[in-house]
Amino acid sequence: MKVKIYGAGSIGNHLANASRQMGWSVDICDVDRSALKRTKNEIYPSRYKKWDKGIRLFENKNAPKEYYDLIFVGTPPDKHIELGLEALNQNPKAIIIEKPLCTPDLKNVDKLKKMSIQKNIPIFVGYDHIVGEASEKLVKLLNENSIGKILTIDFEFREHWEGIFAAHHWLKGPEETYLGNIKFGGGASGEHSHALNLWQYFAEIVGAGKVSEVQASMDIVSQKNVFYDRISCLNLKTESGLFGRVVQDVITKPARKWGRIQGENGYFEWECGFENGKDRIIKNCYSKEKEIFVFEKSRPDDFINELKHIEKVLKSKKNNSPISLDKGINTMRVLSAAHKSNSQKETIFVKY
């Protein structure tokens, strides 16, 4: 397949490498010529040992006017919807937009969804942890109904964002990127929205339905050139009354990416990177011995698994994917409600 990637930053490089591992041809496009040079001379060879001469680089204004099977949008979030609409007009087989899908104001999200339906072009949102081996194992375990009635769900993505800036060494800090501004999709709420997305996904898997109520409290950093949440704490309630919690931050070292699904007769824990290059699921049914399932992976594997999943969905012609546009929109609706809740100091009811 032929792939076009908007954005030559960290995500663009990950997606390019994953696509090449799939045997696909890749064109990377960016508005900034220096970003393209950095991809070729620094980012890609430092991560993957050498530059791949099969990747073509173009400034957006000089991008080829040719057909692409897949178009990836890996730019800052405030450009996602605009480029998603542009990609739909190019009529690919599918589009992948990096998380978070958009900015908290949800501008033009409904337009994107409507156009996607009209053109019958599926859009996926890059919450790659949901299609990883650990999450797939957890779904299978939940379907066994071994821990009884689900009482609550917790998910946390707590990770200092120094790793992000280490991967983007040309940036001095959050003030030089969307990360330092909530309205551009930044802060802990946007950058680590994997936790919220995982919570929603597993709540639906256990039959609890969609999130209907949000009560949020955020630690906001408001200084010159920055306005972002460094800690976001969300209390969530679903349509069926399941209550739980999501915590996301950009200050915790070492990182903790963890979740627990608590039942009457036991619990499951999901953990990303409990050791370097390892995820795990813990199954603890109180009447039995604890079981631990470990999954070895590298960071590039996250993106390769994501593309394998998308390829499988396209071949099946059934877009019931956990990273579908609908689910990405639902995460943004809850995230938008969380910001309103924090600002207004009250519970917000989510409308779909």
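Helix H10 is mostly covered in this predicted model, with 14 of its 20 residues buried. From its first C-alpha to its last, H10 reaches 28 Å, close to the 28 Å expected at 1.5 Å a residue. The residue that follows H10 is Lys345, and its phi is positive, near 55°.

One partner of H10 is helix H4, residues 109-119. Two packed helices are described by the angle between their axes and the distance between the axes. For H4 and H10 (residues 325-344), the angle is about 170° and the axes are 11 Å apart. Angles over 145 degrees count as roughly antiparallel, and the two helices are therefore roughly antiparallel to each other. On the H4 side, the contact is made by Val109, Asp110, Leu112, Lys113 and Ser116, which meet Leu325, Asp326, Ile329 and Arg333 in H10. Sorted by class, this contact has four nonpolar, one polar and four charged residues.

Attention now turns to the sheet. Strands of a sheet pair through backbone hydrogen bonds, either parallel or antiparallel. Here six strands form an open sheet in the order S3-S2-S1-S4-S5-S6, with parallel pairing. Strand S3 (55-59) and S6 stand at the edges with a single partner strand each, so one side of each is left without a neighbour in the sheet. On average, and with direction ignored, neighbouring strands of this sheet are turned by 20° against each other.

Helix H2 (residues 33-48) lies across strand S2 (25-30) and S3, and runs at about 155° to S3. Helix H9, in turn, lies across S4, S5 and S6, running at about 155° to S6.

H9 itself spans residues 299-316, and its 18 residues reach 27 Å from the first C-alpha to the last, close to the 26 Å expected at 1.5 Å a residue. An α-helix has 3.6 residues a turn, so residues three or four places apart point the same way. The buried residues of H9 are Asp302, Phe303, Ile304, Glu306, Leu307, His309, Ile310 and Val313. What covers them includes strands S4 (70-73), S5 (94-97) and S6 (123-125), along with helix H1 (10-21). Beyond the helix comes Lys317, whose phi is positive, near 60°.

Note on methods:
Residues numbered from 1 in each chain as written. Predicted model: local features only at pLDDT ≥ 70, side-chain atom pairs only at ≥ 80, totals over all residues. Heavy atoms only, no water. Helix = DSSP H or I, 4+ residues; strand = E, 2+ residues; numbered from the N terminus. Expected span 1.5 Å × (residues − 1). Buried < 20%, exposed > 50% of the residue type's maximum accessible area, 1.4 Å probe, protein only. Contact = heavy atoms within 4.5 Å. Axes fitted to C-alpha atoms, helices over the stretch in contact; angles between N-to-C directions. Parallel < 35°, antiparallel > 145°, perpendicular 65-115°, else oblique. Nonpolar A, V, L, I, M, F, W, Y, C, P; charged D, E, K, R; others polar. Pairing = 2+ DSSP bridges.
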